[in-house]
Structures are given as C-alpha cells and as structure tokens.
Amino acid sequence: MTEFLFLIPLLPLCGALIILFAGGRMPRRLLTGVAIASVAASAAVTLWLWPLAADQSRATLFTWFDAGSLQVPMELLFSPLAACMALMVTGVSALIHVYAACYLHHDPDIRRFFMLFNLFVFAMLVIVLADNLLLLFLGWEGVGFCSYALIGFWYRNPVFATAGRKAFLVTRAADVLFGIALLWLFHLTGTLSITAINLQAASLPPASVTILALLLLAGACGKSAQLPFSSWLPDAMAGPTPVSALIHAATMVTAGVYLLCRLFPLISLSPTALAVIGLVGTSTAFYGATCALVQRDIKKVLAYSTISQVGYMFLAVGAGTITGAMFHLLTHAFFKALLFMVAGAVIHLASGEQDLFRLGRLPKRSPMLFWLLLAGSVALAGVPLTSGFFSKDAILAACFARQTLWWTSLGVAGLITAFLTALYALRLVYLLTADREAASGHGPAPRGLVWPLLPLGALALVGGLLNLPEVWGGHAGLGRWLATPSGLSPSHGLEWGLAFVTLLLVAGAWFAIRNRYRVPTSPVSERPCVDFLIAGWKFDSLIRFAITAPFERLGSELERSLERGFTTSWPAGLGRLCQATGQKLRVFTSGSVSHYLVAMGWGIILLLAMLLFLLIF
Amino acid sequence: MNGLTNIPALSVLLILPIIGALACMVWGRRASVITVLLETTVALLLPFRVETTVFPWLRFEDWGWIERYGARLSLGLDGLSLLLVWLTVILLAVAVGLSWPRYRQSGFYALLLISCSGILGVFLAQDLLLFYVCWEIMLLPLILCIALWGGAKRVEAAFKLLLFTLAGSLLMLLAFLGLFLLHGRQTGDYSFALQALGTTVIPADLAPWLFGCLALAFLVKVPVVPLHGWLPDAYQEAPAAVTLLLSGVLAKAGIFGLVRVAMPLFPETWTSFLPVLGGVALVSIGYGGWLAFVQTDLKRLVAYVSVAHLGFIALGVAAFNVIALQGAMLQLFNHGITTAALFALVALVERRTGNRQLHELGGLWSRTPQLGALVLFFSLAALGLPGLNIFTGEILILLGAFGAHPWWGAAGMLGVLLAACYTLRMVQGVLWGSPRGPEFMKDITRTEALILGPLAGLVLWFGLYPLPFLKLLRGPVEQLLAYLVTTGGLP
Amino acid sequence: MIVPLGHVLILSGLLFVAGLLGVLLRRNLIMILIGVEVMLNAVGLTLVGASAYWRNPEGQLFALLLMAVAAAEVTVALALVVYLKRSRSTIDVNRFNGMQG
Amino acid sequence: MPTLLFYILAAITLLSTVLCLTRKNPVHAVLYLVHALFALALLYFLLGAPLLAAWQIILYAGAIMVLFLFIIMLVESPVADQSSRRLSRWLPPAALSGSLLVCGGALIVMDPAATAVISSYWLTPRDFGCALFEHYGLAVEIISLILLFAAVGAFHLGRRYRPNSKEDVS
C-alpha cells in the first residue's frame, strides 16, 4: 500500500499536466474543476493513507541519481510530521483552489494560473514528503519557481514581474547557503537521505554541526522570509490574493520551519545554532510586528504579520519544541490563510482598493465576512481560547521553561511582540469596520469567496484543541502523534501565569486600539519614524545601496573596460599594431632606384667587412 | 541481418555527411535533410550489437592510412563518445531545421555537413593525426559560414575566430609531432596511435611545454575565461545554426580533448594542472555570469551564459573524481541541448521582432504565449532548476568538487545564484512587461515545434531520469580514473 | 710572368667602384646601364685573372657566360628604357617611384 | 714587356672608363665605353684568353654597344643630366665607394695570393670549346634559354605603346 503514497504529490502534478496540455480546449468550469479535484483527491488520499504514517512508511519510485557513491532515490517518507503537514497543505490548498476559481473568474489567463497553482501544490508536497535532501531541493526550488511565476502572474505590469524576480533571487541567495550545507552533508556522511543523516548526526564533529546548522538556518530563512532575507515577502503581495494566501502565508513560507523540524536531530546537537535560531526568530517576529503596525496596504499588514508569526515558529525550533513549532505552523496556516482570503474578498468588494484608510463599513456590506475577519484576527491576536493563543503560549512557555537568561529574554521579547501582534490585528479590524466614506464596489461578496472560508474560520477558533495542554484538560494530541521533542515541559504555574499575562496584554492592546481608532481617522501624518517602519526598516534601500547597485555598476564597468576594452579587443589591437609598424616602415620603400642601389651597396660592404673580420680573426 | 550489423557504422557516420555535402552541391539543399535523417538513424542504431574484441570500446574500426608515419584511421566508440555523437547529430538536425526557412544556398548546408563530419571524427578518432585533421575540418567550414552568412561585422568576427583557433590547433599539432618523434626515438616505432603514445616517457623538462601547448589548444576552444576573446563576437555575428554548433558541440570538443587526449598522454602533468583548471573554471563561472548579467544583446547574453556553464563543466573535470566526472560528462550533453535551444529561441525571437536588444523587447508572452513558454522553460533549465537537465550535471559536479576541494564546491554554488540573476533578467526583458514590437506575430510554427519539442523532452528526460546515461558514462569515467592511478598520476 | 694577381684585382676593383659610382650618381637610365656594364666587365676581368692564377679554364668559361648574361640583361633593360620613354616620356630614374610603399 | 703593356692597358681602361662615366652626352659615354672595352679585350689577350678577347670585341664592343647607340638615338632625349653639385648628394655614394675600396683593397693586400705573380694561361679556342661543352653543356643551354626569354621580353616590351591599353603600369 505504501506505493500509493506517490499519489499524494502526483495527483496535483497530473492536474497541472492535464491543464497544460489540454487546458486550451477545456471550458473554464472543467478546467477549474480539474484543478480543484486533483488537489482535493490528494487530500483524500492523504487521509486514506493516514494510518501508514504511524510506522514511518516509505516508498521508492525509482533511482534518480547513481554516480559513484552517490545514490539518490526518489523516496518518500510518510512520518507523522509529514502526514500532518501534507494534510494541512492539501486541505488548505483545496479550499484556496475553490476560492481562486471564484476570485479569478474573469481573468483570461486562468489556465496558466491553475497550471502553476497545481504545480505549486505538487512541489510543496515533494518538500513535505521527500526523504532525500536532493529530492527536497527539487520541491524547494519548484515552489520557488511557482512563487516567482505567480507573483508576476499579471506580467504586463513590470513592477509585479520585478517583485517575482526579487522573491526568486532573494530565496535563491539563501539557497546557495542551503546548497553548500547539502554538499557538506554529503561530504561528511556520504548520503543525502534525511533519515540517515539524522542517524549519523551524533558522530559528526561538533564544529561542523554548528556551521551546518547555521547554513541550514540561512536556507530556511530565505524561504521563510526571516531577517536577513525577509524583504521579498512584502513585495510578493503583488500576486493575486489566492497566491498570497496559499504560498505566502499558509505553505511555502513555512517550508523553512519544516526543514528545520525535519533536520532537528542534527540541529539540536549544537546549542549555539539553537540560540541563533531563537534569536533570528525573535528579532524577525519583533521586526515584522513593528512594520505591520503602520502599514496602509491591507495585504502588506498581513505580509509583515506572516513574517512575524513565522518568526515565532523559528523561536519554537530554537527553544527545542518541534511540537510547538508545528502547532503554531498549523494554526497560523488556518488563520492567516483565512485573513488573506477575507482581505481578498474585501478588496474584491472595493474593486481593487487596498488602502486600509479607504476601506470600511465591512459589517454592513457583508456581515459574514466581518465575522470571519474577526475570527481570524482574534486568533492572530492570541485572544485566550482561540487557536493562536494556545500555539503562541506553548512557544513562550517552552522559552521560559529553559530558565536561562538568554531564553528568558527571548521569551520576554516574544511577549512584547505578542502585544504588538494584538495591536495590529485589532487595528485591522477597527479600520475595516470604521464608518467612513469607503471606496465603492459591486454587490455582495460572491458565495465562492465566502464559503471556503468557513472551515478555516472554525479551525482558527477551535484549532487549539489539536494540542490542548494538559493544564487546560487536554491531552496534547499533536505532541503525542508527532512524537517529536516538545522541549522542557513548563510547570503549571508558569502556564497559568503566561495565560494571565497574555490576557492582560490583549486587553491592553484592545483599549489602546479602541481609543485610537474608534472614530474614523485619517492616516498618520508623514513622520520619519512611520516612514521608516512602512519601508520595512529601509532594508530594501540598504540592500540596493550595498549589494545590488554595486553589483550592477561593477558589472557594467567590467564589461566596458576589461571585456570590450581588452579581452575581446586585443586581437584587433595586435592587427592595428602591425599596421602601424608597416606605416612606419613604408619610409624605406621610397620607390627610388638610387635608394635601393645605395642600400644594396651597403649590403655588399657589410658582407665584405664580415669577410675581412673573419680573415683577420 | 548479420550482414547488416557488420556495416562499419562509425566510418559510415563519418563519410555520410561528406557525401551529403557533395549531394547538396549537386541536388540542392534537400539532400541535407536526407543526410541528416540517415545520419540520425545510424547514430541511434549505434549502441545495438555492442560486443567487440577491443576491450573498452563498444565499437572499434581500424583502417590503414599513411603507413609510412604509422597513422591509421582508427575510430573507437565508448559511452562518452556515444553520448557526444548523439548530441552532434541532434544539434545538426536542429541547425538544419532552424536554417531552412532562412538560408536557401545549398553551400551553407554543405558546409554544416562537412563540419559535422569533422566533429564526429574528433569524438571518435583514436589516432592523433586523424584527430588533428578532423579538428581542422570541424572548424574551417564554420568559419567560412560566419564570414559568408554572418551579421554586420562578420568578417572581423570570423578572422578573430580563425586566428584564435588556428593558433590553438597549430600548438596542438606541435605537441602531437613532439610526442610522435619522442615516442619513435624511444621505441623505434613511429606511430600516431593514441594508445601507443600514452606510454611515451616524456622528459620532465619537456612535458609541461608539450602539455601546455595541448591544453591551450583545447582551452581556447572551450573557451575558459582568459582565452575567450573570440567568443562574444563570433557568437553574436554567426548565423544561428553556426552559433548553436559552436557552443553546443565544438565547445564540448575542447573538454573532450582535455579528458580523452591530454590526460592520457600526460598523466603526470595532468594532476598538477588540475588546480589551475579549477581556478580558471571558477573564474569562468563568475566572470561569465557577471558579464551575462550586464549584456544588452540577447545573443551575446546567451553567449556569456554558455561561458559560465562551460566553467561548471571545467570545474567537474578539475575535481576529477567519479561523481564530478560523471556529472561533467553528462553536462556536456545537457549543456549542448540547452544552449542550442536557447540560441535557437533567440533566433526565433529575432525573426519575429526583428530585434535582439533586451531593452527593446518585452511582453512577448502576450503576443506569442507558446514561444514565451519555451523561452521560460529553457531559461529555467539554464538557471539550474532541479528536475531539468542542467541541474543534474551541476549538482553532481558540485558534489564532486566539494569532495575534492570544499571551497570549489562552495564557490561553484555562488555561480548558481548568478545563473538565477542573469536568467531571470533575460526572461523579464523578453517575456514580461507590456507588449512591444510588431502588432501581429506568428506563434510557434509546426517546424519550430518539431525542432524544440524533442529538445524540451530531452531536457526533462535528463533532468528526471538520467540514470541510463549515468550508467553509460560510468565505464568510461572509471576507466579514466583507473588509468590515472596506474600511470602514477594519482595517489 | 707578367703581374702580381693583386694588381689585376686592384684594377678590377677600381673599375667596379667606378661603375658603381656611375650607377649611384647618374640619373639618366642609359648612363646607369652603362655603369652596370662597367661593373660587369670588372667582374669579367677578375674571372680571367683568377683563371690565369689557378691555371684553370673555368674562369674564362664563366667570363663567357657572364658576357651572355650581360647581353640578355642589356636587351631587356634597353627594351624597358624604350618602354618607359614611351609611357612616361622620361628616363630620369628619380621620376620613377611607382613602387613607393 | 708584357708587364709594361699590362700597366699601360690598365691605365687606358681606367681613364676611358672614368671619362665614359663622366660624360653628359650618352653618345660620348658609349664611345668611351667602347674604348675601354677594347682595352679590356687586350688585357684578356694578355692574360691568355684570345677567344674571350675576340668575343669581347665582337659581342660587347660590337653588338651591345651598337644596341646602346640605337636606343640612344631612338629615345633621342639626351637628358641634361644635371648632376647636382651638392655635397649631400655626393657624400653617400662617395662614402660607399670609399669603404668598398678600402674593404676590397684590404682583402687583396692581406691575401698572400695577391703577391703571387701570375703568367698568362693560354687557352686555345679548341681547349676552350672542349672545356665548355664537356662540363658546362647544361649551363650553355640555360644561358641560351635566358637569351631567348630576354628576346621575347624585349619583343613584348617593345610593342607599340597604346595609351589606353591596360599595359600601362602606372
């Protein structure tokens, strides 16, 4: 039965291929039907094969590479971790596919969209299920390409295309480091199988492990938009909203976290690396939250929020709680996908207006959407008893449970970030409900844009049940199922205290936001501090100034001076030198007979003199 | 059937294009199509009935030639040369198909065919004199093609190419003659056979010079970076078919020569040469990639892309272990297919828009989506997307290079990032943005689909299931390594 | 027993130099040709003298061959003079510079 | 006696040569040259080459010089050969000839053979003919071919000049 595992990724691939080759002759409904059905079937197969996950099933299709000591089989590993992730990916994808079918109803290029969308699901599932790092890399780059092509889906606008290119290049830069880690791992262990590497990890030299873990962290940071590589995600919002929901909120950006979870046995051997991971996660979470606070574009708020929330997941990995990371990954997938799709619907209603200060009156225009927005926002804000509350608290509790200065301070920073999160989540709600002259739009939200959100709304609210801590009377189901490290278990007192603090923070945030945004306001006047935050701490300008601009300028200079000026032109220069020498030598061919005769005479004398010389000596 | 299998297929393979060229002159260019079809058939049938008595070869043919100097027409086919023969034949078909609507003179096709015969000779020759003769036959017709049918600055470009390659091949002849005389003096057996000359004891003060001559000749042809002065102009000015053959096959002849001629003849010098080759390869990757990034002419851009990719192949050769070598040898084929497709696409884009300047192109996708999809597909292959063919070779090369020298592997990885930079810049310049150029453009025609479709198929095949070809290469690669070990070149 | 060989050689040397000076200094093509004839004759004298010194007929034989070559040379050269006179209407060598590079 | 004769003839040869080369009028020059050639013919005789002497007179002084005269008449432009008096024009040839003389003289003086006194080596026409045709048959053939080519060339060059023809190598 294990061979059926291949159905999970291959079904979406088949969907993509059918759309690619036959999509041109299909009616639109059939085309979208194929796209949705292939992903839904994949989700169904995942559920059907669920029992296989308990005993770490594997399946091998064929050998991809076989060169020297390198063996790369096309091998899938269906572990509990992978099963959870696969179910989330296929499930959320299926819902977003339904949403997208409605959202892009009028787009002429729907065939390309669904081809790429299905292809993306395939590549994502390859990441999730691959047991070999090279196969994982196939999916890794595959999602990168799909993300690139979908961000630039409306390619006629060069800005969108550039955003796609930026996303690809930034993640690729991080992939270089990931790739080096991959080469190194093969060099050290002689294999690229994740299982085998994890088994051998303990025997590797500790210094190498630290560097390897940092390289892997860099790769994960690229895909997950963590700090040095975070600047592509806000730009990626240029893509259609379903793309943002699926790729840039629920699935692809969490691939980095997933990678670290898969390789946790290796990474956990290096405390230094774990500390760095925690630091990166916390600082990114704080960075994203501060930026999200002031954004005016509704999608950018969500983009920075995603950066921030994925930062929490990194913090969880650093704190050693894979369960916590996965828990937050899942709940985040639910509420962030939900929020993005609500935002898409809102934008749709306002005929494409994305400025928060020109939107409003949501409860009157579409009450259903308002309730969904509220569900997503409270989960994001971590209001107690919602899914976000439980997952975030689990992470913070794991930090505090470590009881060292480093982790405690990271935990405190996480708490501050949680306060900021509540601030911007509630700000979003208030701004969208504000009673102001909003951009006009057409009719009520189509049903196709609303009903796929209902399951997600429900999950956002009660998703916490997946891994309800024992303090709250749960059984930590997710943790048991995954059987992964959950870090040090916190004391009950710590958990209660944390819940209390969170409650206080959320309440405080609510008061603050209510005071500020209860009456419709205009955007804050242009202040340098706000500008700085809106521009994402001006990282883009910094990178342009320090890296890309010098790269381009030096390249042009190289082309102009070295390449055109020397490397490709010296043969011509040689020719010119010969010509010039010839010009100089022309003088000697005067054409006058007497000159030649004189020259001849001197020649004779020279010969005679030589003869004389030889005779004398 | 038995009579049929006894046909000396390799000799037929070499003679056929020459007969075809003559037929072109008599019956016009149609003869070239028939020749290409016949040639393809013979090439595809090559691996069948593969038992030979001569050890490492799948096939071996030997005819007398100039007995007085011990030169023979000996041809040997093994896994590596089989792959390259296939590549040559495929690209010849692509070149002819691509030129068909553009060039009507039968002379053009005749020259292409003659050059093809030379190329095949280079890949098959087991006799150095034959190798040298084929080397010249391979080049001169293409130079003529550039000079006669090239772009605006064609004569200058052709001259430059002529000077560079002539200098290279004369150095090569010098090295061959030196070896011939040395070997003759030592053993009294004056012979040009590659196998015999490999046993020559070369004085330590002479070996670096002879090897240097040979290596220079091959590296100019590849070319690696300090020696690439001829490349941008030649590629830019040449007709698409010629560019395609130059970058797709002739460049491979350089690498092939390094591995199959220079290495066996000078095993001891070879090992001390490898670090140099590695350095040069890394410079090629970086420099080629960087310059590709700033090019404005589409064809020139692809030319520099080719330099960068060839740098990867050279890196694989420099690492010289099983994985890297298998990757490099496979990459010879992969790069040939991809770069040929890219040059062909550049030609198709230019025929439609009448333009090759990146800043004057754009929005091609909205006018000709199928052509756009092909451009995107092959660009992704060039970018090294896993699952497509270039990645297959690149990752093997990098894994091997990291095993040899970790820094090489790490630096090579940076080249992969560069590849993304220049490829995406090209894709954006050509495909995205608002449409420009003529209002009406024809999308891919049936002939063009017939040319590019199989290439796309090969890209996928080599990306996803390269196993049969890796197995094909394993024998030759292991033999190369074993040779180097037994001759004392490698510890 | 007539003269030392050296004197014969000195005589021919003087004749040769005189001819050479004529060739170098005159501008009239015919005068230059005359100078060449003088030089040729100087060489002839050397050959005959050497023949006497070595008691060997070959010197004289070569003097004969020299005469024949001189005849051929004069034939062509004079034809050229006529040709040049017709085409350029001058035989002043300084006016001929068609070979100037 | 023959010794004295040698010096007298040598003096005559030198004198008439110098006179020949310094004449402005080519006709005069040719006549002086004929004079010199006669003297040279006598010198040949003195050194034991009667046949050569005869040919010198018949061929050189006779045929060739007549050819010169014809051509001079034909060209009929006794160029006023204004040999310039400037030193710069005279200096290089003078230096040339001077060095030539010095070199040649030195060679002659240093050669011990130069002091050896020679007597005439009498070669009868019969001996001459035997020597020539026994060993130098090929050379005679080659020389005759050269003469033939010269004749053909002269004939070609001497054709009537047509201003519009392409033969005008200007």
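Where is the place of D:Y121 in chain D? D:Y121 sits in the loop between β1 and α5 of chain D. Helices (H or I, at least four residues) and strands (E, at least two) are taken as DSSP runs and numbered from the N terminus. The model is a predicted one: local features need pLDDT of at least 70, side-chain atom pairs count only at pLDDT 80 or more, and totals for chains, interfaces and linings use all residues. Residues are numbered from 1 along each chain as its sequence is written, while chains are lettered from A and ligands numbered from 1 in the order in which they are written.

D:Y121 counts as buried because 20 other C-beta atoms lie within 10 Å. A residue is called buried if 20 or more other C-beta atoms lie within 10 Å of its own, exposed if 12 or fewer, and partly exposed in between, with C-beta atoms placed from the backbone. Setting aside neighbours within four places in sequence, D:Y121 is in contact with C:S51, C:A52, C:R55 and D:G48. Contact here requires that the C-beta atoms of two residues, placed from the backbone, lie within 7 Å. D:F45 is 76 residues from D:Y121 in sequence, and the C-alpha atoms of D:Y121 and D:F45 are 9.9 Å apart in space.

Chain D contains six helices and one strand. Their order from the N terminus is α-α-α-α-β-α-α. Of the 170 residues in chain D, 28% are buried. Among contacts in chain D between residues at least 6 apart in sequence, 54% join residues at least 24 apart. Chain D is divided into domain 1 (1-77) and domain 2 (124-160); such bounds come from an automatic or database domain assignment. The C-alpha centres of these two domains of chain D lie 22 Å apart. For chain A, the assignment gives domain 1 (270-524) and domain 2 (545-616). There, the C-alpha centres of domain 1 and domain 2 of chain A are 75 Å apart.

Four pairs of chains are in contact, and chains C and D share the most contacts. Chain D gives 72 residues to this contact and chain C gives 62 residues. On the side of chain D that touches chain C, the elements giving two or more residues are α1 (2-22), α2 (26-46), α3 (50-75), α4 (87-110), β1 (117-118), α5 (125-135) and α6 (137-157) of chain D. The residues of that side comprise 54 nonpolar, 15 polar and three charged. In this scheme Ala, Val, Leu, Ile, Met, Phe, Trp, Tyr, Cys and Pro count as nonpolar, Asp, Glu, Lys and Arg as charged, and the others, Gly among them, as polar. Strand β1 (residues 3-4) of chain C runs antiparallel to β1(D), joined by two bridges. Strands are paired if DSSP finds at least two bridges between them. C:P4 stands opposite D:V117 in β1(D).

Chain B does not touch chain C, and their nearest C-alpha atoms are 25 Å apart. No contact joins chain B and chain D either; their closest C-alpha atoms lie 31 Å apart.

The largest nonpolar core has 437 residues. A:L216, A:A337, A:L338, A:V346, B:A314 and B:A344 have the most contacts inside it. Apart from that core lies another, of 83 residues, among them C:Y53, C:A72, D:F45 and D:I118. A nonpolar core is a set of buried Ala, Val, Leu, Ile, Met, Phe, Trp, Tyr and Cys residues joined through C-beta atoms within 7 Å.

Strand β1 (residues 57-67) of chain A is joined to β2(A) by eight bridges and runs antiparallel to it. Strand β2 (residues 70-78) of chain A has eight of its nine residues buried. A:A59 has A:L76 as its bridge partner in β2(A). Two residues lie between the strands of this hairpin, where A:G68 takes a positive phi near 55 degrees. In chain B, seven bridges join strand β1 (residues 59-66) to β2(B), again antiparallel. Six of the seven residues of strand β2 (residues 71-77) of chain B are buried. B:E61 stands opposite B:L75 in β2(B).

The mean pLDDT of chain C is 88, and 98% of its residues reach 70 or more. pLDDT is the predictor's confidence in each residue, from 0 to 100.
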